Amino acid sequence: IGYAQAVRRMGGQIYTHTEVRGIDVQNNKIIGIETSKGYFKCNLVVNASGPWSRDVSQLVGVDLPTESYRHQIIVTEPLENFFPMMAISFSGNFYMRQTQHGQFILGQGDKDEKPGINYNVTFRFEEELISKMVEIFPFLKNVRLMRHWSGMYNMSPDAQPIIGQSEKVKGYYYAVGYSGHGFMVAPAVGEALAELILFGKTLHTDISYLDVKRFAELNIEREKSVV
Ligand SMILES: Cc1cc2nc3c(=O)[nH]c(=O)nc-3n(C[C@H](O)[C@H](O)[C@H](O)COP(=O)(O)OP(=O)(O)OC[C@H]3O[C@@H](n4cnc5c(N)ncnc54)[C@H](O)[C@@H]3O)c2cc1C
């Protein structure tokens with residue numbers, strides 16, 4: 001909300017519930033976008049469409065090698081605050097933290113999850129995660145569940161973000177494939193992208209290693225610290 005307010009304060013406009021359906025390219029330059037609310041002239045597009053990043057990129061004919069996977073979360077009733085740290089285990093495949101309101105948020109990865117957009121939730125996830133977590137954290141035994149939801153990880157082949165500008169289509173930028181850790185890097189990415197767009201290079205952080213070109217190499221090392 002703070003970012004949206006700042007955008008509006010500086011004269012920007014935000015169109016919510018507006019789907020980009022086409023990106024108009026002429027002589028390898030962006031000249032406009034077709035949306036569910038009509039056509040807008042522009043010479044710059046940033047693809048930050050998360051789970052839909054590959055489809056949106058296809059609108060300009062650029063392949064971004066991302067795939068989206070469902071991740072589920074369960075949220076308990078609130079308990080008195082006593083757990084100030086985040087618990088995470090890559091070998092145990094779980095993470096957990098207590099919110100300021102006292103609820104515990106619990107999640108785990110699912111190696112059997114198929115790529116694709118899917119916001120359903122499953123009893124299997126609840127059963128697996130709860131039995132594991134109660135064993136590790138016995139205080140959770142009689143705690144009630146309040147919510148169970150799912151969201152999408154937009155994965156890249158090495159589980160690191162793909163950020164940069166297209167060499168093929170002038171004016172096309174992308175910031176996608178956050179692979180489940182995009183929230184925490186969002187402010188830094190925003191700054192770096194703004195610099196890249198304005199000055200043609202970043203001023204504070206070198207992000208060239210995040211460009212999609214890295215996948216041309218044969219040996220891609222996958223980030224292991226992802227649950
Ligand atoms: C269960 C779960 C736990 C997570 N935990 C963490 C965590 O602890 N720390 C962390 O840093 N990250 C975490 N993440 C990851 C984080 O939420 C994402 O990396 C981050 O939200 C990505 O932001 P984004 O803006 O790129 O994409 P999104 O937030 O997905 O936004 C993309 C937007 O693009 C819009 N869009 C798509 N297609 C179009 C189109 N054609 N036209 C117009 N708009 C379009 C969508 O409607 C959406 O609003 C978690 C994710 C999940 C699912």
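Buried area is the accessible area, found with a 1.4 Å probe, that two parts lose on being put together, summed over both. The structure described here is a predicted model, in which local features need pLDDT of at least 70 and side-chain atom pairs count only at pLDDT 80 or more, while totals for chains, interfaces and linings use all residues. Residues are numbered from 1 along each chain as its sequence is written, and side-chain values use heavy atoms, with hydrogens and water left out.

The chain is divided into domain 1 (2-66 + 158-216) and domain 2 (68-154), with bounds that come from an automatic or database domain assignment. Taken over C-alpha atoms, the centres of domain 1 and domain 2 are 31 Å apart. Ten residues from domain 1 and six residues from domain 2 take part in the contact, where contact means heavy atoms within 4.5 Å.

Between them, domain 1 and domain 2 bury about 580 Å², and 54% of this lies on carbon and sulfur atoms. Of the area that domain 1 buries against domain 2, 63% is supplied by Pro51, Trp52 and Gly180, more than by any other three residues. The side of domain 1 that touches domain 2 has four nonpolar, six polar and no charged residues; in this classification Gly counts as polar, and Pro and Trp count as nonpolar.
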